[in-house]
Every structure is written in C-alpha cells, then in structure tokens.
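Subject: Structure handover and findings

Hello,

Please find the structure below. My notes on it follow, with the cut-offs given where each term comes up.

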Amino acid sequence: MLDSQVTKAPPSLLYMVKQVELVVRSHLDELVRPSGITALQYTALTVLERHDGLSAAQLARDSFVTAQSIADLVRSLEGRGLVSRERNPRNRRELLILLTDAGRELLARHAGPVRELEDRMVRDLTAHQTEQFRQALTRAWHALS
C-alpha cells in the first residue's frame, strides 16, 4: 500500500488542546507585552478580577501555575502596583492578594483586543457551536480536576 493511501489517525485531543493553548498564549503574550506583563501574569490578573482577595495557593491553582511561580509572579505584579497583599482578617497568618485600581485599568485596556482574539479563535463557529465548545471544554476540565 502506498503512503498516500494510508489513512492516518487524527491527532489526539490532548495534542490539539495543547496546540490551541500554545497559540493562544503566543498571541496573548503579543497583546500584553506593551504593558510589560506576560500572558501568565495577565491570566492571574483576570482570575483576581473574577475572585478578588485570594490566597497565593488558590491564585496558583486558578492560574495554572506552581506555588513557587505564583510567589514570583505576585511579587512582580505587586512591584508594578497591579496587585496588593493584605492580611486575611479571618486568618492573620494568611495574605490575600487583591487587584488594585491600576490592575483593573490594565485589564480594561486589554479587554477589547483579548475579546477580538477569542472572537478570531471561534470565527468559523456559529454561536451555538461556540457555546457547545465552551461547555465541552468545561466538562473536560471538570473530568480531569
């Protein structure tokens, strides 16, 4: 049988998800670079925008980074005035990480371009397919969490 007649298996879903993640991160890095932050830092800021006042451990989990990485990331963001840390009033040993006004302004500046990137990613899908895609990704995440 000739190579051209051999039916190749499609790439695995894990491979395809990783391809999407890498290309999204690359585009996101390009979008946020002018503000002096990385895609990972941007992700952490968006997590705080949705759930302000997280511990470092929770922010690390929700941002998909290690505890050591989040410590360095938070230090950098705090140095730029994008986040602040305050003692947890219910547990004085714990520091909570909060988004500052400057952090909110940075996210607002990037909201349009990031939305355009997401729109570009799903431009060949109908609204219904986009919602199905979102639901499928959510179910896949829950299955592995």
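Gly81 is partly exposed, with a relative accessible area of 30%; on this scale buried means under 20%, exposed over 50% and partly exposed in between, with a 1.4 Å probe and protein chains only. Gly81 sits in the loop between α4 and β2, where helices (H or I, at least four residues) and strands (E, at least two) are DSSP runs numbered from the N terminus. Leaving aside neighbours within four places in sequence, Gly81 is in contact (heavy atoms within 4.5 Å) with Thr100, Ala102 and Gly103. The C-alpha atoms of Gly81 and Asp101 are 8.7 Å apart, although the two are 20 residues apart in sequence.

Some conventions before the rest. This is a predicted model, so numbering starts from 1 along each chain as its sequence is written, local features need pLDDT of at least 70, and side-chain atom pairs count only at pLDDT 80 or more. Totals for chains, interfaces and linings use all residues, and side-chain values use heavy atoms, with hydrogens and water left out.Confidence

The mean pLDDT (the predictor's confidence in each residue, from 0 to 100) is 93 for the protein, and 97% of its residues reach 70 or more. Confidence is highest in helix α5 (residues 101–121), at a mean of 97, and lowest in strand β3 (residues 91–99), at 92.

The sheet

Three strands form an open sheet in the order β1-β3-β2, with antiparallel pairing; two strands pair if DSSP finds at least two bridges between them. The edge strands, each pairing on one side only, are β1 (54–55) and β2 (83–88). In general, strands of a sheet pair through backbone hydrogen bonds, either parallel or antiparallel.

β1 and β3 are joined antiparallel over two bridges, and Leu54 has Ile97 in β3 as its bridge partner. Between β2 and β3, which also run antiparallel, there are six bridges. Ser84 is bridged to Leu98 in β3, and Arg87 stands opposite Leu95 in β3. The hairpin that joins β2 to β3 passes through two residues.

α2 lies across β1, β2 and β3 and runs at about 105° to β3. Axes here are lines fitted to C-alpha atoms, for helices over the stretch in contact, and angles run from 0 to 180 degrees between N-to-C directions.

What is the angle between α2 and α4? The axes of helix α2 (residues 39–50) and helix α4 (residues 67–79) cross at roughly 80° and come within 11 Å. That makes α2 roughly perpendicular to α4; angles of 65 to 115 degrees count as roughly perpendicular, under 35 as roughly parallel, over 145 as roughly antiparallel and the rest as oblique. On the α2 side the residues are Leu40, Gln41, Ala44 and Leu45, which meet Leu73, Ser76 and Leu77 in α4. By class, this contact has five nonpolar, two polar and no charged residues. The classes put Ala, Val, Leu, Ile, Met, Phe, Trp, Tyr, Cys and Pro as nonpolar, Asp, Glu, Lys and Arg as charged, and the others, Gly among them, as polar.

α2 also packs on α5, at an angle of about 105° and with the axes 11 Å apart. That makes α2 roughly perpendicular to α5. In this contact Tyr42, Leu45, Thr46 and Glu49 of α2 meet Leu106, Leu107, His110 and Val114 of α5. The contact of α2 with α5 has five nonpolar, two polar and one charged residues.

Two further residues

Apart from neighbours within four places in sequence, Val74 is in contact with Leu59, Val83, Arg85 and Ile97. Val74 and Ser84 are ten residues apart in sequence, with 8.6 Å between their C-alpha atoms.

Thr130 belongs to helix α6 (residues 127–144). Thr130 is buried as well, with a relative accessible area of 18%. With neighbours within four places in sequence set aside, Thr130 is in contact with Val122 and Leu125.

Regards
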